[in-house]
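The following note comments on the structure displayed below. Please read the numbered points with the coordinates at hand.

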Amino acid sequence: MDRRVTDWITQGVSRVFVFANNYHGWAIGLRAKIDTGADRCSIDIGLAEAMGLEEVSEVKVRSANGVVRRPVYSAIIKFERNKYEVTMTGSDRNNLECPMLIGRDLLKEINTNLSSEE
């Protein structure tokens, strides 16, 4: 069955696998919320640290709570059948349903990848 980005957006939540930055490179399956209003992906900061994801920089992020500085982590994630190298901001998502948020940056890459497969 062919899937399109709009199918995932309509569903609102998808399963992804994030690869840990360790000797074994284990992948952890997560529920990820698809957020077309978010510029980039985000992951729970505690989870990112526990997985040993590499912190590559820091950015200022404007949210409903104002402007805050957040770490940026580099990771490889598997979404459906493809792997993507992404950068994600770290935030406290501990009390949210999904520990990861998929933003427009990854959605654009997924859409490009799906278009090239047709």
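1. Burial. A residue is called buried under 20% relative accessible area, exposed over 50%, and partly exposed in between (1.4 Å probe, protein chains only). On this scale threonine 89 is buried, because its relative accessibility is 4%. Of the 118 residues in the chain, 36% are buried.

2. Basis of the values. This is a predicted model, in which local features need pLDDT of at least 70 and side-chain atom pairs count only at pLDDT 80 or more, while totals for chains, interfaces and linings use all residues. Numbering starts from 1 along each chain as its sequence is written, and side-chain values use heavy atoms, with hydrogens and water left out.

3. Confidence. The predictor's confidence in each residue, pLDDT, runs from 0 to 100. Its mean over the chain is 83, and 84% of the residues reach 70 or more. Among the elements, helix H1 (residues 5-11) has the lowest mean, 51, whereas S3 has the highest, 94. Where pLDDT is low, the predicted coordinates should not be read in detail.

4. Secondary structure. Helices (H or I, at least four residues) and strands (E, at least two) are DSSP runs numbered from the N terminus. The chain holds three helices and seven strands, in the sequence pattern α-β-β-β-α-β-β-β-β-α. Taking contact as heavy atoms within 4.5 Å, 55% of the contacts between residues at least 6 apart in sequence join residues at least 24 apart.

5. Nonpolar core. Such a core is a set of buried Ala, Val, Leu, Ile, Met, Phe, Trp, Tyr and Cys residues joined through side-chain atoms within 4.5 Å. The largest one comprises 24 residues, and Val18, Ile43, Leu53, Met88, Met100, Ile102 and Leu106 have the most contacts inside it. Elements that each supply at least two of its residues include strand S1 (13-19), helix H2 (45-51) and helix H3 (104-117). The greatest contribution, four residues, comes from S5.

6. Valine 18 and methionine 51. Beyond its neighbours within four places in sequence, valine 18 is in contact with residues including Trp26, Leu30, Met51, Leu53, Ile77 and Met100. Methionine 51, in helix H2, is buried because its relative accessible area is 5%. Apart from residues up to four places away, methionine 51 touches Val18, Phe19, Ala20, Asn21 and Ile28. Its C-alpha atom is separated by 9.9 Å from that of alanine 75, 24 residues apart along the chain.

7. Aspartate 105, in helix H3, is partly exposed because its relative accessibility is 28%. Not counting residues up to four places away, aspartate 105 touches Asp39, Arg40, Cys41 and Thr87.

8. Largest pocket. On a 1 Å grid over the protein atoms alone, a pocket is an open set of points where a 1.4 Å probe fits, with protein on both sides within 12 Å along at least five of seven lines; lining residues have an atom within 4 Å of a point. The largest pocket contains about 500 Å³ of space, a volume being the space filled by probe spheres set on the points, which are joined across faces, edges and corners. Of its 22 lining residues, Ala38, Val61, Arg62, Ser63 and Arg70 lie nearest the centre. S4 gives the most to this lining, with five residues.
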